[in-house]
Amino acid sequence: MTERRLLRRLSAASGLGLAAGILTGCAGDMQPSTGLPSLYLPLTTSNAHVDTTAARDMISAYRKGRGEPPLVVDPELQKLAETEAAAMAVADKPSHSRTVSAAIGRLGYASPGANLSAGYHTLAEAFSGWRDSPPHNAVMLSAEAGRMGIATAYAPGSKYKVYWALLVAK
């Protein structure tokens with residue numbers, strides 16, 4: 001696939017019109033074995049993990065296009081996202097975002113939000129699904145959010161296979 005064609009595809013998938021900037025920002029995330037950016041790699045193996053830099057860049061570019069500030073990956077929110085994704089995989093069902101948001105708030109974070117989901121096999125799929133869901137989109141575009149953590153967990157024998165946790169806070 002040519003770079004131009006890949007950029008068009010990425011732009012259409014993300015709806016941002018900023019595909020060139022995202023792809024450039026993730027140039028180090030290109031996978032030599034596939035030649036694909038990490039946002040298109042399937043996370044359906046036990047050693048796969050979401051590329052937090054690519055996720056931050058994609059969500060921040062989306063936010064920028066909507067007049068919101070970029071996000072930074074917060075180490076504590078990242079640990080919480082990893083723990084929550086793993087817990088959902090063990091339980092074989094997505095958690096409730098209100099419960100997780102309340103837990104984030106109890107830890108001292110202001111304006112917490114959570115996108116908890118399952119079944120998306122790539123970062124691009126998860127982003128598109130969240131963008132197309134009004135409650136999930138509101139979390140990504142929260143004007144008060146400045147920090148994030150994002151993680152996946154793979155459960156091969158489960159209904160959904162890949163579980164996602166995106167946590168945001170002030």
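The model is a predicted one. Its chain holds seven helices and four strands, and 45% of its 170 residues are buried. Taking contacts between residues at least 6 apart in sequence, 65% of them join residues at least 24 apart. Keep the structure open beside you as you read.

**The overall layout**

- The four strands come together as an open sheet, ordered E1-E3-E4-E2, with mixed pairing.
- At the edges of this sheet are E1 and strand E2 (113-118), each of which pairs on one side only.
- As background, strands of a sheet pair through backbone hydrogen bonds, and they can do so either parallel or antiparallel.
- E1 and E3 run parallel and are joined by two bridges. To find this spot, look for Val73, which stands opposite Met148 in E3.

**Helices lying on the sheet**

- Helix H4 lies across E1, E2, E3 and E4, and its direction is at about 30° to E3.
- Helix H5, covering residues 97-106, lies across E2 and E4 and runs at about 140° to E2.

**The nonpolar cores**

- The largest nonpolar core here has 25 residues, and the members that touch the most others are Leu123, Met148, Ile150, Trp164 and Leu166.
- Two or more residues of this core come from each of H3, H6, helix H7 (134-140), strand E3 (147-154) and E4.
- A separate core of 18 residues lies apart from it, and its members include Ala89, Val100, Ala118 and Ala151.

**Aromatic pairs**

- Two aromatic rings are described as a pair by how far apart their centres are and by the angle between their planes.
- The model has three aromatic pairs. One of them is Tyr62 with Phe127: the ring centres are 5.2 Å apart and the planes meet at 85°, which is over 60 degrees, so the pair is edge-to-face.
- Tyr62 belongs to helix H3 (residues 52-65) and Phe127 to helix H6 (residues 123-132), so this pair ties together parts that are 65 residues apart in sequence. Tyr62 and Phe127 are both buried.
- Trp130 and Trp164 make another pair, with centres 5.9 Å apart and planes at 90°, so they too are edge-to-face. Trp130 sits in helix H6 and Trp164 in strand E4 (residues 162-169), which links distant parts of the chain, 34 residues apart.
- Both of these tryptophans, Trp130 and Trp164, are buried.

**Salt bridges**

- Side chains of opposite charge can pair when their charged atoms come close.
- The structure contains four salt bridges. Among them is the one between Arg56 and Asp57, at 2.7 Å from N to O. Arg56 is partly exposed, at 26% relative accessibility.
- Arg147 and Asp74 form another salt bridge, at 3.1 Å from N to O. This one links distant parts of the chain, 73 residues apart: Arg147 is in strand E3, while Asp74 is in the loop between strand E1 (72-73) and helix H4 (75-91).
- Are the two partners buried or exposed? Arg147 is partly exposed, with a relative accessible area of 33%. Asp74, at 9% relative accessibility, counts as buried because the cut-off for buried is under 20%.
- In the salt bridge between Arg131 and Asp132, the closest N and O atoms are 3.4 Å apart. Asp132 is exposed, with a relative accessible area of 58%.

- Thr152 is a residue of strand E3, and with a relative accessible area of 17% it is buried.
- Which residues does Thr152 contact, leaving aside its neighbours within four places in sequence? They are Leu43, His49, Val50, Ala85, Val162, Tyr163 and Trp164.
- Asn137 is found in helix H7 and is buried, its relative accessible area being 16%.
- Beyond its neighbours within four places in sequence, Asn137 is in contact with Tyr62, Trp130 and Arg131.

Conventions. Residues numbered from 1 in each chain as written. Predicted model: local features only at pLDDT ≥ 70, side-chain atom pairs only at ≥ 80, totals over all residues. Heavy atoms only, no water. Phe/Tyr/Trp six-rings, centres within 6.5 Å; stacked < 30°, edge-to-face > 60°. Buried < 20%, exposed > 50% of the residue type's maximum accessible area, 1.4 Å probe, protein only. Core = buried A, V, L, I, M, F, W, Y, C linked by side-chain atoms within 4.5 Å. Salt bridge = Lys/Arg side-chain N within 4 Å of Asp/Glu carboxyl O. Contact = heavy atoms within 4.5 Å. Pairing = 2+ DSSP bridges. Axes fitted to C-alpha atoms, helices over the stretch in contact; angles between N-to-C directions.
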